[in-house]
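User: I have a model open and would like to go through it with you. Could you take my questions as they come?

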Amino acid sequence: MKYFLLIVDLIKFFRPSFAGTLVKCGVALEVLAFGGYKLIFEYDRYINNGHLAVGINTSDTSEIVLYIIGVFGALLMIGGFWIGIKDWVTLRRNNARKKNIIIELRGLSATLNQSLKSSISKTMIGQVDEVLVEIGQHVTAGTSSELEKALDKVNNIHSRIETAIAGKDPGDVSIHAGTVAPTPFQFLFGVILDDEFSPNVWEYERLKDEWQTLDQNEPSIVVNEQIDPRISSQDTEVVVAVAATFAVLDSTISNTWPNLKVAKIENPTATPNSIWTEADQVQIVESFLRVMALLKNRGVKKVHLALAASPSICIRLGRHFDQRNLPEVTVYQFDRSSNRYTWGVEIASIGTQIDPKKGKLVQPN
C-alpha cells in the first residue's frame, strides 16, 4: 500500500508539470514514427454524400527520418522522466523538512466540538506537532489560585513553542494558533506569539462548529475613537474600552473603575462573530495603537483595558501591542453576574522587572 500511494503521488506530480509535458511530447513522437498513420485528403464532389478524410501517412517516409523522430521522442521521454523524478524526490525531501506547529489555548473546552489540530492538520504538508494548552478546569473553578495555575500554563507557551521548533530552519516552520479562552489570556497569548513566530490565526465559528481563517474582503466597518478631553498628565491611569464584536456598557466601567477617565474605541455595528475580514481587524488594531500612543503622550502610564472582541482580534491586539513605547496595560475579564470586571492579566512594559513575555494576575481595586 505504501508503494502504491507513492506511485499515485508520483503520477499526480507528473501530470501538470514540465516533465510530464516532455513525456507526453515524446510519446506523441513515438506514435508518429512507428504508428503507421497515413495522411489522407479526399473529397468526392460528384457524390451527394461526399466525404472528407484526414490522416497522417508515414508509410512513404524514409526509415532514417522515422528513426530520428523515434530517437528524439525517446530522448524527450527519458529526459522528462529524469527531470520529473528528480523534482519529485527534491519536493518530498523539502516537504519532509517542513514542520507545522499547531498551538491551541483551550479555556472553554465545553464549547468546542473539535480541536484545532483535528480540523486543519489533514491538509498540511510535512510534520505536524500540537502544542495544546488546556486551562478549562482552572478557569471553571475561578478562584485566584486556580487562575494562577492557568496563567502559569499560558506563560509557559513561549518556551513550549521554542522547544517544538528547536533545530528547525525558520523557513521550514509554520505556526497556526487558535483559542477559545477568557479575554485576558487571549490577549496574553498574542503578546507571547508576537511577530517572532508570525502565526496563522484561526477563529472558531460557533454557529458552524468549525475553525476558520479570516477572509480578504474590503473593510466593512467604521471604527470610532473617543478620548475624554479631560485626560491630562495628572491622570496616570485611565480605562480604554474596545468594543469590537460586543458592546462595552458605561455602567460596567463605572461599576469597576468609578474614578477613572475613559477612552473608547467602538465598532457601532458590533455583534458576535461579525468580523471575519482581516482589513476590519487591522482597522481596530490601528485605532487601538493610535489611542494608546495619544494617551502615552498625555502622560498616562497605566491602562485598564476593557476588551470585548473575538479571539482572533484579541490575539492580534496582543501581537501588535508595543511594550516598549506604550503604557502598561492590564486586560480584564467581564463577569456578567456582577456587571463588572473581576480579574485581569497585567502586561508589563519592557524595562520593568516582569518578563515581557509573561503576564501577572491582578484584580481591580
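**Salt bridges and surroundings**

Analyst: This is a predicted model, and a place to begin is K264, which counts as buried because its relative accessibility is 18%, under the 20% cut-off for a buried residue.

User: Which residue forms a salt bridge with K264?

Analyst: The partner is D250, and the closest N and O atoms of the two are 2.6 Å apart. D250 itself counts as partly exposed, because its relative accessibility is 49%.

User: How many salt bridges are there in the whole structure?

Analyst: A search of the whole structure finds ten. Side chains of opposite charge can pair when their charged atoms come close. One of the salt bridges joins K99 to D129, with 2.9 Å between the closest N and O atoms. That pair links distant parts of the chain, since K99 is in strand 3 (residues 99-106) and D129 is in strand 4 (residues 127-134), 30 residues apart.

User: What does E225 pair with?

Analyst: E225 forms a salt bridge with R290, and the closest N and O atoms are 2.6 Å apart. This pair also links distant parts of the chain, with E225 in strand 8 (residues 224-227) and R290 in helix 10 (residues 278-297), 65 residues apart. E225 is partly exposed, because its relative accessibility is 32%, and R290 is partly exposed as well, with a relative accessible area of 42%.

User: Let's move to the strands. How much of strand 11 is buried?

Analyst: Strand 11 (residues 302-308) is mostly covered, with six of its seven residues buried. Strand 9 (residues 237-243) runs parallel to strand 11 and is joined to it by seven bridges, and in that pairing E237 stands opposite K302.

User: Which other strand is joined to strand 11, and how does the chain get there?

Analyst: Strand 12 (residues 328-335) runs parallel to strand 11, and four bridges join the two, with H304 standing opposite T330.

User: Where is E203, and is it buried or exposed?

Analyst: E203 is in strand 6, and it counts as buried because its relative accessible area is 5%. E203 and L116 are 87 residues apart in sequence, while their C-alpha atoms are 9.4 Å apart in space.

User: What about helix 6: what span should it have, and what does the model give?

Analyst: Helix 6 (residues 144-155) has twelve residues, which at 1.5 Å a residue should span 16 Å, and its end C-alpha atoms are 16 Å apart, so the two values agree. The buried residues of helix 6 are E146, L147, A150, L151, V154 and N155. As background to that spacing, an α-helix has 3.6 residues a turn, so residues three or four places apart point the same way.

User: Switching to the backbone, which residues other than glycine have a positive phi?

Analyst: Among them are S198, with phi near 45°, and N339, with phi near 55°. As a general point, most residues other than glycine have a negative phi. S198 is found in the loop between helix 8 (183-197) and strand 6 (200-205), and N339 lies in the loop between strand 12 and strand 13 (340-347). S198 is partly exposed, because its relative accessible area is 45%, and N339, at 22% relative accessibility, counts as partly exposed too.

User: Last topic, the surface. Which residues form a nonpolar patch there?

Analyst: The patch is formed by I64, Y67, I68, V71 and L75, which together have about 510 Å² of accessible area. I64 is in helix 3 (residues 63-97).

User: Why does I64 count as exposed?

Analyst: I64 counts as exposed because its relative accessibility is 53%, and the cut-off for an exposed residue is over 50%.

Notes: Residues numbered from 1 in each chain as written. Predicted model: local features only at pLDDT ≥ 70, side-chain atom pairs only at ≥ 80, totals over all residues. Heavy atoms only, no water. Patch = residues over 30% accessible without salt bridge, like charges linked within 9 Å, V, L, I, M, F, W, Y side chains within 5 Å. Areas by Shrake-Rupley, 256 points an atom, 1.4 Å probe, with all protein chains shown as cover. Salt bridge = Lys/Arg side-chain N within 4 Å of Asp/Glu carboxyl O. Buried < 20%, exposed > 50% of the residue type's maximum accessible area, 1.4 Å probe, protein only. Pairing = 2+ DSSP bridges. Expected span 1.5 Å × (residues − 1).
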